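Thanks for coming, everyone. Please look at the screen while I talk.

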Amino acid sequence: MLTSPGVELPQGPRPQRAADRFGDVTIACEGLWKVFGPNPRRILDSEHARLPRKELMAATGCVAAVRDVSFEVRTGEVFVVMGLSGSGKSTLIRCLSRLVEPTAGQVSLEGEDLLAASEQRLRDLRRHKVSMVFQHFGLLPHRTVLHNVAFGLEVQGQQRAERLAKASETLELVGLEGFGDSYPDELSGGMKQRVGLARALATDPDVLLFDEPFSALDPLIRRDMQAEVCRLQESVRKTMVFITHDLMEALKLGDRIAIMRDGDFVQVGTPEQVVGQPADDYVRDFTRDVPRTEVLTARAIMASPRGAGDGGFGPSVWADTKLADLIGLVADDERPLCVFDEESRVVGVVDRLAVLGAVAGREH
């Protein structure tokens, strides 16, 4: 342990513990399979189950879009599933709401077994608890923006005045105040996607499912929409599952990221775990061009604090301090930095070599 009596707590607000930021498990998925083709269940326990996709198709006529996937999403967490086209990510998110019927496995929402739910129960869940935002906006062209946003509330059976008031309030939330009387064909692509987001939020669902909602947008509009989701999450704290093929989008939005390939999860972790400790060459190749200074933190590169206090310390930092901020600190002071966790405990030290190694791409 550190012995230097002069070590003080870092400046700035104390970071919040992950246990405090997120609640109980909202979505639980275990052993989920989705196989397309003749007699799909025969694939599960067969010798063909782990064949590469092309070989499986040639041998059986089946495609395993999702293979034995398990994960949990906690209340208030943004869980991002990222992969190339054909990796199975869109099929996976559709299985969560049973827009696509899984071949095998378990999916639960707040402890309720969704695969045992009746059609009526599924409709109730989609009306009240789960909303989905798609890549294609799906707006009703003959309805105004306000009435598009109110559509889900109308389906729920809310009275006209009540639902229009709620829709108007939600339009303000997504930055579209004053556009309620416009029609979809009068809006830009980014504005249409905001309407789609408002429509999903208007019913006050517990869970939001996003299926590549920004992939058709221009880069600048896409960046604005990513910032909008981050802003909204700060205020409404919804549980989100977000599908994307863009790693930078995943790193910006996700509390945790799952990298998907050929129906499997290759790695699941925080953004800094995925970038700093890639599970294999596939993930390593994905993250090669990521600006590590904006993703990695002191926690990812620190060494053990044991016996490190003999020469004194420079400034103290919180464990979630970004590498970009550490660079300036070690440039100004040769002494190692003392790292504190959310409980104000000394958990490590960071020196110049660790910072330089992280910038150069050395894994930890």
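**One residue, then the whole chain**

Start with Glu 72: it is partly exposed, with a relative accessible area of 40%. Here buried means under 20% relative accessible area, exposed means over 50%, and partly exposed is in between, using a 1.4 Å probe and protein chains only. Two ground rules before I go on. This is a predicted model, where local features need pLDDT of at least 70 and side-chain atom pairs count only at pLDDT 80 or more, while totals for chains, interfaces and linings use all residues. Residues are numbered from 1 along each chain as its sequence is written, and side-chain values use heavy atoms, with hydrogens and water left out.

Back to Glu 72. It sits in strand β2, residues 63–74. Which residues does Glu 72 contact, leaving aside neighbours within four places in sequence? They are Val 25, Ile 27, Ala 28, Glu 77, Phe 79 and Arg 256. Contact means heavy atoms within 4.5 Å. Now find Leu 122, which is 50 residues from Glu 72 along the chain. Their C-alpha atoms are separated by 20 Å.

Compare Arg 299. This one lies in helix α13, residues 298–301. Arg 299 is partly exposed too, with a relative accessible area of 35%. Ala 319 is 20 residues away along the chain, yet the two C-alpha atoms are separated by 4.8 Å. Not counting residues up to four places away in sequence, Arg 299 touches Ala 319 and Glu 342.

Zoom out. The chain has 15 helices and 13 strands. Those are DSSP runs, numbered from the N terminus: helices are H or I with at least four residues, strands are E with at least two. The C-alpha atoms fill a box of roughly 70 × 60 × 35 Å along the principal axes. Of the 364 residues, 48% are buried. Take the contacts between residues at least 6 apart in sequence: 68% of them join residues at least 24 apart.

First up is α7, residues 160–173. Its 14 residues should span 20 Å at 1.5 Å a residue, and its end C-alpha atoms are 20 Å apart, which agrees. The expected span is 1.5 Å times one less than the number of residues. Which residues of α7 are buried? Arg 163, Leu 164, Ala 167, Thr 170 and Leu 171. They cover an arc of only 125 degrees around the axis, so they are on the same side of α7. That arc is taken from the directions from the helix axis to the C-beta atoms. The face turned away from the buried side carries exposed Ala 161 and Glu 169. Cover for the buried residues includes α5, α6 and α8. After α7 comes Gly 175, with a positive phi near 80 degrees.

Next is α9, residues 219–236. Its 18 residues should span 26 Å, and its end C-alpha atoms are 25 Å apart, which agrees. The buried residues are Arg 222, Met 225, Gln 226, Glu 228, Val 229, Leu 232 and Gln 233. What covers the buried residues of α9 includes β3, α7, α8, β8 and α10. Arg 237 follows α9, and its phi is positive, near 50 degrees.

That's my tour.
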